[in-house]
Amino acid sequence: MANIFGYEMPDDLYYNEEHSWAKVEGSKVRVGMTDFFQREAGDIVFVDLPDEGDEVTQGEVCGKIQSRKWIGKLVSPVSGEVAELNEDLEDDPTLINQDPYGKGWILVIEASDLDSELKNLMQGEAVKAFIEREIKKAEEEKAKAK
Amino acid sequence: MESWRLIQETERLKTTWEGLSVDDTLPLAIERFGSPPILHLYKFVPSAIVGRYQDIFAALKIERCKVLNIEINRRSTGGGTVIMGPEVLALGFGINVDHPRINSGSVEAIFRSVSRALIEGLRTFGIAAYFRPKNDIEVKGKKIAGLSAAMEGKKALLFHTSLLVSFDMGILTEIMNTPLIKLQDKGYSCFSERLTTVSTESGRRVEVEEVMDAILKGFEKTFSVGLYHSSLSEEERSIASKLEKERYKNPEWIFSHRHPRARMGIGRIKATGGLLEIYLSLLGAVIENIYITGDFFTTTEDLNKLESSLKYVRCEENKVRDAIISVWKPNLIYGITPEDLTKAIIIAKENQLRL
């Protein structure tokens, strides 16, 4: 498990710039939100998900996530068909906060073009550089707000 | 100087489907047509508008709204019920999340940056307002406006604000279901003690149109832009018409069941400082609203600070205690400790009933 500037960003996952992660499980991909996202957003109030069987597209919004009075987006890291939804999130969406890479997984996609689409996601050193940029951006904005 | 669009509507009160469909068009105009940021200022007919993922049946006394001719609807941004009408300024604001004049460092930073424009506008009336995390604008410990937001598409944002210019607080307990419904008198005072209006704070009767002008100037000054009068283009108008039909006139949208479970509970304990009563609304696992009451001594500002720190926090003992401690100072509530408060909140959670 990689710890990047205090955020857990596991090495075996792929990431997109909208803070969702993808875990390859054969032809399927398990999807969730990163530790960085959950800490930034605060406790999750509700997750509005597509239905099983729906088609989703890499880089497109496939769900909504509410924290505070803010409705954010879940961007699909890969294209394919929604194969499974985490029903436990209905009762307690804060599982995304408590265990973002475990019990807080959001959905599973039967990927349609995995090999080529994985190249569009970040892994390893690129993740570190990305988080560094995000932290720097947040710090600059905080300074601006003062 | 950069120019932003202003859609200012003063000629008549807007129905909920008119106002909300125009608001939803703002981020889409930015996302699809590259429009500059758009500020929409208007007034609604008397109405009660719930948040995108709120249980409308749990939030409102729907039959009572019908009798009183209060329109009900559901907006596309988060948060709880807002009561709108001729004396409340409605504000929709669409902007790209990466716009250089927005502090996009965090959700809170974005709320703060839009708040700055509203705070600047309120200064016109001699009102010293400030941002109260997580989503409110307060004056001397009382809420005067709330902010909610939603991301549309990839990068566009919609903000909603309702700013109380004058307001009949009595209507709140009449049409809203709150944990306080069983205690009408206390419910009323709990609301009225925690809310204020532009008229109250400025000590004179202020018209909504005056506030509109002050707010738009607040936007111009805060963001160093010029606002020019605008209306929806033909393409934008057709999006608004579609949204009006698909969302705001559609019972499936208004009475949507896509929401977390709403519950409420009451917790009472006897502490050294007196009786402590907690009225709690839960949205799924998090606290939606909390009222701390009892026969103890404190200030409205401190109570509001405490209550705000607990909103949208997972209702679990350690998280509740941490939230309280984050704003606690000695004798914040005389004779009551953070432990007492935590205990009373957890009792309220355990006593919860489904709404």
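The model is predicted: local features require pLDDT of at least 70 and side-chain atom pairs count only at pLDDT 80 or more, whereas totals for chains, interfaces and linings use all residues. Residues are numbered from 1 along each chain as its sequence is written, and chains are lettered from A and ligands numbered from 1 in the order in which they are written. Chain A comprises 5 helices and 11 strands, where helices (H or I, at least four residues) and strands (E, at least two) are DSSP runs numbered from the N terminus. Its radius of gyration is 15 Å, close to the 15 Å that the globule rule gives for 146 residues, so chain A is as compact as a globular protein of that length. The radius is taken over C-alpha atoms, and the globule rule is 2.2 Å times the number of residues to the power 0.38.

**Chain A overall**

- The C-alpha trace of chain A spans about 45 × 35 × 25 Å along its principal axes.
- Of the 146 residues of chain A, 46% count as buried; a residue is buried if 20 or more other C-beta atoms, placed from the backbone, lie within 10 Å of its own, exposed if 12 or fewer, and partly exposed in between.
- Among contacts in chain A between residues at least 6 apart in sequence, 63% join residues at least 24 apart; a contact requires C-beta atoms, placed from the backbone, within 7 Å.

**Strand pairing in chain A**

- Strand 8 of chain A (residues 61-67) has 6 of its 7 residues buried, so it is largely enclosed by the rest of the structure.
- Strand 6 of chain A (residues 44-48) runs antiparallel to strand 8 of chain A and is joined to it by 4 bridges; two strands pair if DSSP finds at least two bridges between them.
- Within this pairing, A:Ile44 has A:Ser67 of strand 8 as its bridge partner.
- Strand 8 of chain A also pairs with strand 9 of chain A (residues 70-75), in the antiparallel sense and over 6 bridges.
- A:Ser67 has a bridge partner in strand 9 of chain A as well, namely A:Trp70.
- The hairpin of strands 8 and 9 of chain A has 2 residues between the strands, and A:Arg68 takes a positive phi near 50 degrees there.

**Interface between chains A and B**

- In the interface, 26 residues of chain A are in contact with 32 residues of chain B.
- On the chain A side, the elements that give two or more residues are helix 1 (35-41), strand 6, strand 8, strand 9 and helix 5 (125-145).
- Helix 5 of chain A gives the most to this side, with 7 residues.
- By class, the side of chain A that touches chain B has 9 nonpolar, 5 polar and 12 charged residues; Ala, Val, Leu, Ile, Met, Phe, Trp, Tyr, Cys and Pro count as nonpolar, Asp, Glu, Lys and Arg as charged, and the others, Gly among them, as polar.
- Strand 9 of chain A and strand 9 of chain B (residues 142-152) run parallel and are joined by 2 bridges.
- In strand 9 of chain B, B:Ala150 stands opposite A:Ile71.

**Helix 1 of chain B**

- Helix 1 of chain B (residues 16-33) has 18 residues and should span 26 Å at 1.5 Å a residue; its end C-alpha atoms are 25 Å apart, which agrees. The expected span is 1.5 Å times one less than the number of residues.
- A kink of about 30 degrees is centred on B:Pro27 in this helix; the bend at a residue is the angle between axes fitted to the seven residues ending there and the seven starting there.
- In helix 1 of chain B, 13 of the 18 residues are buried, so the helix is largely enclosed by the rest of the structure.

- B:Ile137 lies in strand 8 of chain B (residues 136-139) and is buried, with 23 other C-beta atoms within 10 Å.
- Not counting residues up to four places away in sequence, B:Ile137 touches several residues, including B:Leu118, B:Phe131 and B:Ile144.
- A cis peptide bond with omega of about 25 degrees joins B:Pro133 and B:Lys134; B:Lys134 is in the loop between strand 7 (129-132) and strand 8 of chain B.
- B:Lys140, in the loop between strand 8 and strand 9 of chain B, has a positive phi near 45 degrees and is partly exposed, with 15 other C-beta atoms within 10 Å.

Methods. Two residues are in contact if their C-beta atoms, placed from the backbone, lie within 7 Å.
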